[in-house]
Amino acid sequence: MESALTAEQALALAPDGASAKAATGLASDRHWVSLGGDAEALWGECKGSGAKPYQAQVDLGALVTRCSCPSRKFPCKHALALLLMHARGGIAADARPAWVEEWLNSRRDRAEKKEQAAAKAVAAQAADPEAAAAAAAKREAARWKRIDQGTAELQRWIGDQLRRGLASFGAQQRAEWTAMAARMVDAQAPALSAQLLAATDAMAAGIAGAPAVIERFGLIWLLREAVVRRATLSPQRLADVRTALGWVYDKDDLSTLGESVSDRWIVQGQRIDERDDRLFERRVWLRGQASGRDALLHDYAYGGRGWEQQWLDGRAVEATLRFFPGSAPLRALALEQGAAQPAPRWSQPAADAIEAASLAFAANPWLQWWPLALADAIPLYENERWWLHTPAGRLPLALGDAAGWNLLARSGGRALQVMGEWDGRELRPLSAWRGEDAAHNWSLAA
Amino acid sequence: MSANLANAGGDWIKPALVGIDGARAPAFPAPVGELLEQIDGDDALARYARGAAAMAACRLAAVELAPAAAEPPPAAPDDARMIGEGEPLAPALAAIFRGDSERLHHEACQRLAALGRALPAAALASALDAGRQRARLRPALLPVLGERGLWLARLNPDWRYADRGAAGAGENVVGEDEPTDSAAEVARLWQEGSFEQRLALFARVRAAEPARAREMLQAQLGELPAKERAAFVAEFEAGLGADDEALLTGLLKDRGREVRRLAAGLLARLPQSAHAQRLAAWLAPLLTQERVLLVKRWTLDAPQAADPEWAAAAIDAARPQNDALGERAWWLYQLARQMPLRWWCERTGMDPAALLAWAGKSDWKQALYRGWIERIHRDDGDWAQAMLDAPGRAFGEHHGELLALLPPAQRVRHWPRSFAELCRSGRLDEVLGSCAPGQWLPLDYSRLVGEGLQQAGDTLRQDWSLRQNAQTLLEALHPQALHGWQAPPRAPDDTPALADCLAGLERTAQLRRLLHA
């Protein structure tokens with residue numbers, strides 16, 4: 001078996017501290033009825049609360065796990081324990097039992113079926129391109145109509161807010177703004193809903209948040225004008241507008257619109273947010289070693305079903321990405337991918353990174369984030385907030401106190417490489433590292 | 001940052017705060033303003049919103065950083081003692097300080113000190129927080145913070161307690177709350193600090209300059225609530241001396257009963273004090289020797305009547321309504337609880353065991369036993385031993401406190417001889433309570449109860465309150481007793497709570513084994 005993850009990396013996959021803790025307790029062979037592994041997978045049967053032991057398994061290539069336990073956490077403590085024992089070299093090679101074979105086969109089958117379905121869809125389109133195009137155009141027209149109505153209403157509403165003045169923001173406005181955010185969901189412009197909720201939060205924190213909200217309102221106004229003039233926009237600009245509305249392209253669209261880039265992609269950092277309703281949102285930032293392209297994989301997991309693929313910071317994956325169209329294309333889907341390998345991290349001088357971010361925002365002012373991977377950055381705590389000191393100047397950090405002090409402790413006041421999401425005002429650090437030693441590599445988003 | 005934002009926003013922000021109207025067209029900076037002029041037919045609102053959008057786009061596209069006005073503060077010096085991120089101990093220490101077990105925190109610090117190493121970077125922030133919350137961890141924590149930890153602590157005002165350790169390395173100042181650098185700092189803290197800070201400051205000043213501490217307290221006595229007065233008076237225990245008599249004597253008239261009691265108890269320990277001598281004068285006549293045939297025998301009588309002088313000696317003439325003692329016994333008890341135990345031995349020539357037996361047969365057993373158990377002090381190890389051995393566990397409910405007064409090795413013979421008995425007798429708290437964080441149970445005893453715990457799966461299944469205690473017990477076992485120790489095996493029908501408990505035991509054992517590997 002190829003030595004896959006270190007124990008720390010395995011624990012970094014844990015969905016929360018409790019799972020990590022529980023997994024460490026289970027990572028001893030006395031809890032397991034059977035254990036085994038080969039180059040592709042790990043498996044084991046763990047004594048649990050049922051008469052039958054839980055069957056846990058890990059696909060080492062994609063780092064996907066499955067377990068028969070009822071946990072809604074993903075990966076569960078049993079699968080994590082397997083990875084931990086594997087990291088310690090505690091799992092001996094063995095012949096694959098039938099239940100593992102079945103699972104791996106079913107994963108392969110599913111992947112094939114998916115491809116077949118996609119091929120079928122393409123074939124159907126090819127068989128009767130006119131009918132398919134007509135149906136698609138009809139759906140699209142219906143959605144534009146709702147967006148048209150919704151954004152017109154939103155524009156009037158923003159006008160009202162500006163006429164009234166933001167200084168009078170209070171409890172009543174808070175309720176109004178939240179209601180307006182809900183209306184944007186109905187208008188099938190979910191990204192605008194999120195923008196309005198963020199603006200509401202910013203105002204609730206006090207008048208200091210107002211300038212950012214006014215800028216946001218300006219950009220939404222501009223978006224409405226772009227919606228009105230959409231027929232005259234370039235394809236890239238139209239894609240920017242759609243993305244800013246939260247109208248995601250689906251896979252079929254991408255097969256014709258999207259640009260494909262094959263490269264060795266370094267996993268630079270990631271962030272997972274838990275939403276209220278057991279919905280997890282994940283953003284994984286990649287950097288192409290040969291292409292020099294930045295890419296964002298943005299996906300969701302519902303009800304603890306977990307991710308189709310785990311991406312570990314500081315490893316690289318050979319993959320073909322298909323980019324969503326736009327003036328500064330960033331978001332992508334991973335099509336085919338190989339196994340992850342340890343890889344050196346990538347970073348650049350702050351001045352260059354800032355230049356790249358400025359160009360990206362110049363191309364598309366509705367961009368939500370741009371990844372910065374800064375060399376030679378010293379974290380600082382000054383005036384009761386967190387900063388990153390670089391030769392090009394200081395960037396304010398969006399960082400919780402606990403994470404901030406940990407970052408500071410690890411830097412010791414010396415320069416690190418720090419990767420994070422730049423939203424135009426603050427950098428939210430996602431990972432930091434020093435040199436190429438995997439031991440000096442920390443994920444910050446918790 | 002809010003100031004920065006406002007500046008970054010500039011003048012064009014203000015109209016949107018107070019409300020846009022046509023009359024006051026806001027001025028946007030030159031190129032944006034000119035472009036807006038070229039668009040015809042706009043109302044004021046549309047013009048403003050477009051201007052705001054343009055300003056936002058410009059700002060985003062021309063990322064401007066705060067100038068690095070000053071160089072960053074100096075980095076932490078290199079420290080060869082710091083555990084590196086790649087060492088196996090690093091994740092274990094990070095895990096220990098992510099948790100909140102005080103015992104494990106102590107143990108980790110002590111172990112690092114023994115190894116001559118310092119905490120890894122990943123554990124520092126949580127370790128410093130643990131020290132902020134628990135002052136008694138600090139003496140163990142400060143020596144293992146290392147250069148990186150001290151550097152970090154200086155950056156966070158919440159962690160100032162650690163900074164002092166660096167400035168005064170070599171001085172006996174570990175475990176302190178705030179630096180005593182200057183008189184002004186002491187005065188400020190004494191006036192403005194929290195109760196805990198002022199108490200810690202007082203203890204520190206008292207150790208260094210007792211006279212100054214007395215002055216400080218005397219000056220503030222009138223303003224303090226009774227509970228705080230009592231806490232400060234309790235601090236006189238350390239380094240008690242004849243110079244304390246005046247202040248303590250004054251406190252015999254304090255409004256607070258607890259304050260009066262504490263002061264009286266302390267004065268009684270100063271044999272030359274007027275209070276101690278009065279006390280002896282009241283008690284001595286009650287204890288007399290009579291000769292029966294050839295045998296001399298000590299007899300004790302309780303006071304016949306209340307002495308009016310008692311009021312000035314923290315003795316209440318009036319018996320509380322529901323007290324179990326009779327009136328005369330109540331008076332005797334109050335005298336006994338002030339008088340140092342040594343006095344009884346010196347006076348009668350009996351040792352503690354003999355005195356306990358003698359009192360057990362007297363009419364005043366209740367009063368004496370109650371007075372003596374309240375009087376016992378950490379210098380009275382022989383009394384603690386005798387009370388623990390007293391027939392019928394006469395001081396049973398106090399065994400925890402009494403055990404804590406004995407050196408660890410002497411405690412063992414008072415403990416239940418097996419884990420099962422330990423659980424049955426309900427004396428687990430007593431055994432663990434006598435073992436302070438950072439102390440272990442003796443090795444043989446650890447092996448004995450560790451083995452019992454390993455086989456206690458069924459007990460843990462039935463007794464959920466034992467689960468928390470089992471965790472603490474495992475943390476207090478001697479590390480050598482952990483070799484080969486395993487948590488009780490799981491059963492198919494274990495509840496998730498029990499499974500968590502067993503996994504927790506296994507994890508703790510693993511962490512501790514790593515620590516001592």
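In this predicted model, four strands of chain A form an open sheet in the order 1-2-3-4, and the pairing is antiparallel. Strand 1 (32-37) and strand 4 (64-67) of chain A stand at the edges of this sheet, and because each has a single partner strand, one side of each is left without a neighbour in the sheet. On average, and with direction ignored, neighbouring strands here are turned by 10 degrees against each other. Strand 3 (residues 54-59) of chain A is joined to strand 4 of chain A by four bridges in the antiparallel sense, and within this pairing A:Asp59 has A:Val64 in strand 4 as its bridge partner. Across strand 2 (41-46), strand 3 and strand 4 of chain A lies helix 4 (residues 98-127) of chain A, which runs at about 45 degrees to strand 3 of chain A.

A further sheet of chain A is built from six strands; this sheet is open, has the order 12-11-10-13-14-15, and is paired in the antiparallel sense. Its edges are strand 12 (393-396) and strand 15 (441-443) of chain A, each of which has a single partner strand, so that one side of each is left without a neighbour in the sheet. From one strand to the next the twist averages 45 degrees. Strand 14 (residues 427-433) of chain A and strand 15 of chain A run antiparallel and are joined by three bridges, with A:Ala432 standing opposite A:Trp442 in strand 15 of chain A. Helix 12 (residues 401-411) of chain A packs on this sheet, where it touches strand 10 (370-382), strand 11 (385-390), strand 13 (416-422), strand 14 and strand 15 of chain A, and the direction of the helix makes about 90 degrees with that of strand 10 of chain A.

Strand 5 (residues 259-274) of chain A pairs with strand 8 (residues 315-323) of chain A in the antiparallel sense over eight bridges, and strand 5 of chain A is also joined by nine bridges to strand 6 (residues 279-288) of chain A, again running antiparallel.

Between the two chains, 63 residues of chain B are in contact with 66 residues of chain A. Chain B and chain A bury about 5,300 Å² between them, and 63% of this area is on carbon and sulfur atoms. Of the area that chain B buries against chain A, 12% is supplied by B:Leu60, B:Leu65 and B:Arg490, which is more than any other three residues supply. The polar side of the interface comprises 20 residue pairs in polar contact, both residues of each pair being at pLDDT 80 or more, and the count of salt bridges between the chains is five. One of these salt bridges brings together the side chains of A:Arg410 and B:Glu85, at 3.4 Å from N to O. On the side of chain B that touches chain A, at least two residues each come from helix 1 (2-9), helix 2 (14-18), helix 4 (44-61), helix 7 (121-133), helix 9 (146-155) and helix 30 (496-516) of chain B, and the largest share, 12 residues, comes from helix 4 of chain B.

B:Arg490 is placed in the loop between helix 29 (465-476) and helix 30 of chain B, and because its relative accessible area is 15%, under the 20% limit, B:Arg490 counts as buried. The side chain of B:Arg490 makes a polar contact of 2.9 Å with the side chain of A:His31. If residues up to four places away in sequence are not counted, B:Arg490 touches A:Leu26, A:His31, B:Arg461, B:Ala499, B:Leu502 and B:Ala503.

Two loop residues of chain B deserve a note on their backbone. B:Ala314, in the loop between strand 2 (295-300) and helix 18 (327-338) of chain B, has a phi near 60 degrees, a positive value in a residue other than glycine, and is buried with a relative accessible area of 8%. B:Arg393, in the loop between helix 22 (381-389) and helix 23 (399-404) of chain B, has a positive phi of about 45 degrees although it is not a glycine, and at 36% relative accessibility B:Arg393 counts as partly exposed.

Conventions: Residues numbered from 1 in each chain as written. Chains lettered and ligands numbered in written order. Predicted model: local features only at pLDDT ≥ 70, side-chain atom pairs only at ≥ 80, totals over all residues. Heavy atoms only, no water. Pairing = 2+ DSSP bridges. Buried < 20%, exposed > 50% of the residue type's maximum accessible area, 1.4 Å probe, protein only. Axes fitted to C-alpha atoms, helices over the stretch in contact; angles between N-to-C directions. Contact = heavy atoms within 4.5 Å. Buried area = accessible area lost by both parts, 1.4 Å probe. Salt bridge = Lys/Arg side-chain N within 4 Å of Asp/Glu carboxyl O. Polar contact = N/O pair within 3.5 Å; in protein donor to acceptor, adjacent residues only side chain to side chain.
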